[in-house]
Amino acid sequence: MKQVTSQINPRETKAIGWYAVQWVHVTDWFKAYSDRLRHGHRQPPAVPTLQQPPVTQPVTLEANTIAAADTSKPTKTKAERKAEAKANEYDKLKTVAKESQGLLAKVETIFPLTLFPDTLIIDRHKLAITYRNFFKVAQEVSVPIETIKNIQADMGPFFGSVTITSDNFINNTQTVGFLKRSDIKLVQKILQGAMVAVKENIDISKVETPQLKKQLMLLGEAHHT
């Protein structure tokens, strides 16, 4: 069955509208003239002024196509999209590396109780413990800060130790002894605050390092009490 489609030409529509308006003017003139004759007036009314039909300029499909082509945005090639993705990943890597330089805590064991002091470092992303047995001889253990499950502090009158539990440790726990009492409290508050932040799904990536350290210590202190 043949399908019949109809299209409306704008030029024809304008012409039909113009002729309809002129016809109304002529009809009104004849009506006014008839009224004057009935009342005894022989002089006809003024003839209405007819306007010229509208002239429209045709717009070709080619012109529309060229205009649409000029305003369209150029598409990126596969190589350009790949290079842009690599640049974004590199920017993310630089951001993470810059954030890692902002230390939250760094403590060392007391000399001369340990001839080669051990070091415990906490930054925004990880906890690192370095055990030193001799000059330029060291063993480092590092885990993401969100994998820490528990921290136990044992404090004496002058110094103490911390025992940290994580599933990523080989024996699940790591102990650092001969630490100052103030250093033990600092490490305990920061790690407990970080565990609370992880548990509550708090995004700490956009917090500046000084403010982050302060807020983690407040969380850790409230959790400890």
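Does Phe178 count as buried, partly exposed or exposed, and at what relative accessibility?

At 36% relative accessibility, Phe178 counts as partly exposed, because buried means under 20% relative accessible area, exposed over 50%, and partly exposed in between (1.4 Å probe, protein chains only). This is a predicted model, in which local features need pLDDT of at least 70 and side-chain atom pairs count only at pLDDT 80 or more, while totals for chains, interfaces and linings use all residues. Residues are numbered from 1 along each chain as its sequence is written, and side-chain values use heavy atoms, with hydrogens and water left out.

Phe178 lies in strand β7 (residues 173-180), strands being DSSP runs of E with at least two residues and helices runs of H or I with at least four, numbered from the N terminus. Together with Leu113, Phe158 and Phe159, Phe178 makes a nonpolar surface patch of about 420 Å².

## The four-stranded sheet

An open sheet has four strands in the order β1-β2-β3-β4, with antiparallel pairing, where two strands pair if DSSP finds at least two bridges between them. Its edge strands, β1 (103-108) and β4 (137-144), each pair on one side only. Strand β2 (residues 119-123) is joined to strand β3 (residues 126-134) by four bridges, and Leu120 has Ile129 in β3 as its bridge partner.

## Helix α4

Helix α4 (residues 181-199) packs on the sheet and touches β1 and β2, contact meaning heavy atoms within 4.5 Å. Lys199 is placed in this helix and, at 69% relative accessibility, counts as exposed. The C-alpha atoms of Lys199 and Glu146 are separated by 9.0 Å, although these residues are 53 residues apart along the chain.

Key. Axes fitted to C-alpha atoms, helices over the stretch in contact; angles between N-to-C directions. Patch = residues over 30% accessible without salt bridge, like charges linked within 9 Å, V, L, I, M, F, W, Y side chains within 5 Å. Areas by Shrake-Rupley, 256 points an atom, 1.4 Å probe, with all protein chains shown as cover. Salt bridge = Lys/Arg side-chain N within 4 Å of Asp/Glu carboxyl O.
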